[in-house]
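I opened the model to take notes on its helices and a few single residues. My entries follow in the order I looked things up.

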Amino acid sequence: MGVHYELVSELRASLPVHADPERAAQQQRYLKTHEPLLGLQIPQLRTLVRQAARNHAADGLALPMLIDTARELWDHATHREFRRAAIMLLLIPKHAARLDASAMGLVEHFVRTGAWWDLVDECVHVHNYIRGRRGDAGFAAEFERMTEWARDPDRWIRRFAILCQLQAKADTDIELLSQVVEANITDPEFFVAKAIGWALRDYARTDPEWVREFVAAHPDMQPLSRREALKHL
């Protein structure tokens, strides 16, 4: 369907107006990234994205145009905030309600090219709308996709798969959680081991006994994962 260039143009014009070089330097040190930042705060950026969407697509963008527009923002980002804006555009409620598996190619592109924890973890929120719930028509396909991603050579794709059910609470599919964790359970890579601990700690709020038993049954789990999983138990 093509890119909504008027919306993109407004964001390219409005975001730099709010630049804060001092905060940008602090954010760059915190994120340990060489990518330029404008120094916008997350709530401020979210407001600008939603305002641009209201100005140019009050009823929301059709999904094909939404995907193309988000990719334009991402692929031609001069600063990290434009990548974040691309994700935020997908998460506007009217847009999030339209997401389906056709957006997963874009999500994968974001994860592989973003290749850092802050962007990857935000993409998990996008997947929450695509994944659906157990029993939904699309859940089986996403189950299969995530078990494949859990074995991908790319550590960020694996991290995404491990975190793919964050905040699912009682709707967590424990078979999927088990498979994505077990595929990476001995991996010493920091961002993978940390993700395992986070995913298990999150589910422990729903079923702490299951998490205790799972950790006990996997003595080869990385120490970092174990500490994070049991932190509040």
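I count a contact when heavy atoms come within 4.5 Å. Helices (H or I, at least four residues) and strands (E, at least two) are DSSP runs, numbered from the N terminus. This is a predicted model, where local features need pLDDT of at least 70, side-chain atom pairs count only at pLDDT 80 or more, and totals for chains, interfaces and linings use all residues. Residues are numbered from 1 along each chain as its sequence is written, and side-chain values use heavy atoms, with hydrogens and water left out.

**Entry 1: the whole chain**

I looked up the elements and found 14 helices and 0 strands. I then checked the size. A compact globule of 233 residues would have a radius of gyration near 17 Å, and the chain's 19 Å agrees with that. This radius is taken over C-alpha atoms, and the globule rule is 2.2 Å times the number of residues to the power 0.38. Along the principal axes, the C-alpha atoms fill a box of roughly 55 × 45 × 30 Å.

For accessibility I call a residue buried under 20% relative accessible area, exposed over 50%, and partly exposed in between (1.4 Å probe, protein chains only). Buried residues make up 52% of the 233 in the chain. Of the contacts with a separation of 6 or more, 72% join residues 24 or more positions apart.

**Entry 2: helix H2**

Which residues of H2 are buried? In this helix (residues 21–31) they are Ala24, Gln27 and Leu31. Seen down the axis, they fall within an arc of 65 degrees, so they line one face of H2. The arc is that of the directions from the helix axis to the C-beta atoms. I noted that the cover over these buried residues includes helix H5 (80–91) and helix H8 (117–131). On the face turned away from the buried side I found the exposed residues Glu22, Arg29 and Tyr30. Just after H2, Lys32 takes a positive phi of about 55 degrees.

**Entry 3: two helix pairs**

I took axes as lines fitted to C-alpha atoms, for helices over the stretch in contact, with angles from 0 to 180 degrees between N-to-C directions. The axes of H8 and helix H9 (residues 139–149) come within 9 Å and cross at roughly 140 degrees. That makes H8 oblique to H9. Angles under 35 degrees count as roughly parallel, over 145 as roughly antiparallel, 65 to 115 as roughly perpendicular, and the rest as oblique. His127, Ile130 and Arg131 of H8 meet Phe139, Glu142 and Met146 of H9.

Next I looked at helix H12 (residues 190–204) and helix H13 (residues 208–216). Their axes are 7 Å apart, at an angle of about 145 degrees. Leu200, Tyr203 and Ala204 of H12 meet Pro208, Trp210, Val211, Phe214 and Val215 of H13.

**Entry 4: Arg145**

Arg145 sits in H9 and is partly exposed, at 22% relative accessible area. Beyond its neighbours within four places in sequence, Arg145 contacts Ala101 and Met104. Met104 is 41 residues away along the chain, yet the two C-alpha atoms are separated by 9.8 Å.

**Entry 5: the loop between H10 and H11**

Most residues other than glycine have a negative phi. I checked two residues against that. Gln167 lies in the loop between helix H10 (155–163) and helix H11 (174–182). Its phi is positive, about 65 degrees, and Gln167 is exposed at 54%. Lys169 is in the loop between H10 and H11 too. Phi of Lys169 is positive, near 55 degrees, and its relative accessibility of 56% counts as exposed.
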